[in-house]
Amino acid sequence: MRIMGLDYGSKTVGVAISDALGITAQGIETICRKEENKLRKTCARIEALIQEYEVERIVLGLPKHMNNDIGDRAEQSIEFGKMLTRRTGLEVVMWDERLSTVEAERTLIENRVRREDRKKYIDKIAAVIILQGYLDAIAAGYEKGRQDICADLP
């Protein structure tokens, strides 16, 4: 079973896919859009990737505040997750993504990616970090941070 990891941002969506065994996450692409609320093409691309990679579940980053509060950005991610559930019929797991972008930035710096090039990769790397955290939790027998906000949709 392949799982898709998404890092949903205001103008980009980083995409990662697990291997068929659900052990590792690989970055696939960053989907860009000009306006935050223009999601038709973004959703169409996600749906195409779901078909191409035969995805059975989606893990979507939930950007909580450090004090565990859910702010505007997290609310937008939740709504995006609900929309994906309606459009794809797949389970969407909301996964705590605190500091994933910081970790992605650190990874790019450690790998000596030039500052001006980091923006091209950061969302895709953040999606890998989100998905790999989820895969590691499953392998360990638990899913710490999981919130099935989208699971009960009609």
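## Salt bridges

A salt bridge is a side-chain nitrogen of Lys or Arg within 4 Å of a carboxyl oxygen of Asp or Glu. In this predicted model, local features need pLDDT of at least 70 and side-chain atom pairs count only at pLDDT 80 or more, while totals for chains, interfaces and linings use all residues. Residues are numbered from 1 along each chain as its sequence is written, and side-chain values use heavy atoms, with hydrogens and water left out.

The whole structure contains 4 salt bridges. One of them joins Arg57 to Glu91, with 3.0 Å between the closest N and O atoms. Arg57 belongs to strand 4 (residues 55–62) and Glu91 to strand 5, 34 residues apart; helices (H or I, at least four residues) and strands (E, at least two) are DSSP runs, numbered from the N terminus. Arg57 is buried at 16% relative accessibility, whereas Glu91 is partly exposed at 29%. Here buried means under 20% relative accessible area, exposed over 50%, and partly exposed in between (1.4 Å probe, protein chains only).

Arg45 and Glu29 form a salt bridge through their side chains, at 2.7 Å from N to O. This pair links distant parts of the chain, with Arg45 in helix 1 (residues 40–53) and Glu29 in strand 3 (residues 25–32), 16 residues apart. Arg45 is partly exposed, at 32% relative accessibility.

A salt bridge of 2.9 Å, N to O, connects the side chains of Glu47 and Arg87. Glu47 lies in helix 1 and Arg87 in helix 2, 40 residues apart. Glu47 is partly exposed, with a relative accessible area of 24%, and Arg87 is partly exposed at 39%.

## Aromatic pairs

A pair of aromatic rings is described by the distance of the centres and the angle of the planes. Rings of Phe, Tyr and Trp (its six-membered ring) pair if their centres lie within 6.5 Å; planes under 30 degrees apart count as stacked, over 60 as edge-to-face and the rest as tilted. The whole structure holds 2 aromatic pairs. Tyr8 and Phe80 are stacked, at 4.1 Å centre to centre with 10° between the planes. Tyr8 is in strand 1 (residues 2–8) and Phe80 in helix 2 (residues 72–88), 72 residues apart. Tyr8 is buried at 8% relative accessible area, and Phe80 is buried at 2%.

Trp95 and Tyr134 have ring centres 5.2 Å apart and planes at 85°, so this pair is edge-to-face. Trp95 lies in strand 5 (residues 91–96) and Tyr134 in helix 4 (residues 115–139), so the pair ties together parts 39 residues apart in sequence. Trp95 is buried at 7% relative accessibility, and Tyr134 is buried at 0%.
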